[in-house]
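Work through the exercises below with the model open. Each task is followed by its solution.

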Amino acid sequence: MYKRLAIIVLAFSFVGFFIHVYSAYLMLVFPPSVETELEAWKRKERMLSTIQSVYSHVGLVLFLSLIYYLCTPNDLFKEYKRIIFVILVSDLAGGMLGLTLGILITKSLRHAELIKQADYIRAIIIPTLFNWMIRPLGSLFEGFTACTLSYIRRREDQEWK
Amino acid sequence: MIRRLIIIVLIFIAIDFLFIFYHLIFPFAFNRSEIKEWDWIDRFGRFAVLQLTYYVSRPFLLFGLTYFLCTPENLFKDYKKIIIAIIAAGYLGKLVGSALGLILTSFDSWVQTIGREEYLEFVREELGSRLKVFLSPSLATLFMTFTALSLSYIRRGSRPSRQDIGKVEVSTRRCINV
């Protein structure tokens, strides 16, 4: 159960931060100086905003459903501390992974090379840092609620049997 | 317990919306030449400090109050009631906060000097663009309070609830009488 929970939390945190970094990249190096590139750039930005909008709507439902159906604790009264720990650590790790990988990938893109690399990294990390520290709390409340409700469902099922 | 929970959630959401309305005053007043600049900066500074203090202490206060004051008697039976109560209290809080905010801000000295009707028109336009905030349930508050309630219930652990103690007392008395 813990492994599944850790993977789900890590994956969602990773995707969230990767999108965040990519959108920061688009903002930082926008607009391109060459007129012909502008159209391609706009297309990219439009696509990213669509992905962001879909993710913001579907992400939470998917996150809650996956934990609810796949991460039912055996005994919530004994395991709650471990559940809290796993969610917090996985979210921090996922965020760090998304941030690092996002920076590595976007840094190698052509437009990012125009800016000084140190400036680029600083410009992305500083605004993201606060989000990286606060986000695990949100994930904790969402994940723990889903785990509790899943445990209640299991108890109800057992009582029925 | 449910009544206490409703009151806590309602108060916090109402304060959130009161802040939203007070936030509307500043861009409205800033665009008007009648407002003295230093007065504007002074008020905005005080408001920003107050808002920041509130937003930093809000999670601790909301979580702490729910954790210590709203321990469910039986989470397994009451969880649906709890979720409905939190969502309903959220909507009620939005209504109360908006009504209070509208009344209080429309009597503000700035709004009085500039014109209340113009202000109400401005509020209507602004709120139209923020309709989603009013219509969507306060999910963050729901998750936070539900986690606090669950942890509070876990803290009590296998200790019997007040209802159970009452039942045991009644049955013991019956046994003694027999």
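Helices (H or I, at least four residues) and strands (E, at least two) are DSSP runs, numbered from the N terminus. The model is predicted: local features need pLDDT of at least 70, side-chain atom pairs count only at pLDDT 80 or more, and totals for chains, interfaces and linings use all residues. Residues are numbered from 1 along each chain as its sequence is written, with chains lettered from A and ligands numbered from 1 in the order in which they are written.

**Exercise 1.** Describe the fold and dimensions of chain A.

Solution. Count elements: chain A has 4 helices and 0 strands. Their order along the sequence is α-α-α-α. Then the box: along the principal axes, the C-alpha atoms fill roughly 70 × 30 × 20 Å. Buried residues account for 29% of the 161 residues in chain A.

**Exercise 2.** Check the spans of α3(A) and α4(A), then find their bends.

Solution. The expected span is 1.5 Å times one less than the number of residues. α4(A) has 44 residues and reaches 61 Å from first C-alpha to last, close to the expected 64 Å. For bends, use the angle between axes fitted to the seven residues ending at a residue and the seven starting there. α3(A) bends by about 30 degrees at Arg82(A). α4(A) has a kink of about 35 degrees centred on Thr128(A).

**Exercise 3.** Which elements of chain A touch chain B?

Solution. Contact requires C-beta atoms, placed from the backbone, within 7 Å. By that rule, 12 residues of chain A are in contact with 11 residues of chain B. On the chain A side, α3 (76–107) and α4 (117–160) each give two or more residues. α4(A) gives the most, with 9 residues.

Conventions
Buried ≥ 20, exposed ≤ 12 C-beta atoms within 10 Å, placed from the backbone. Contact = placed C-beta atoms within 7 Å.
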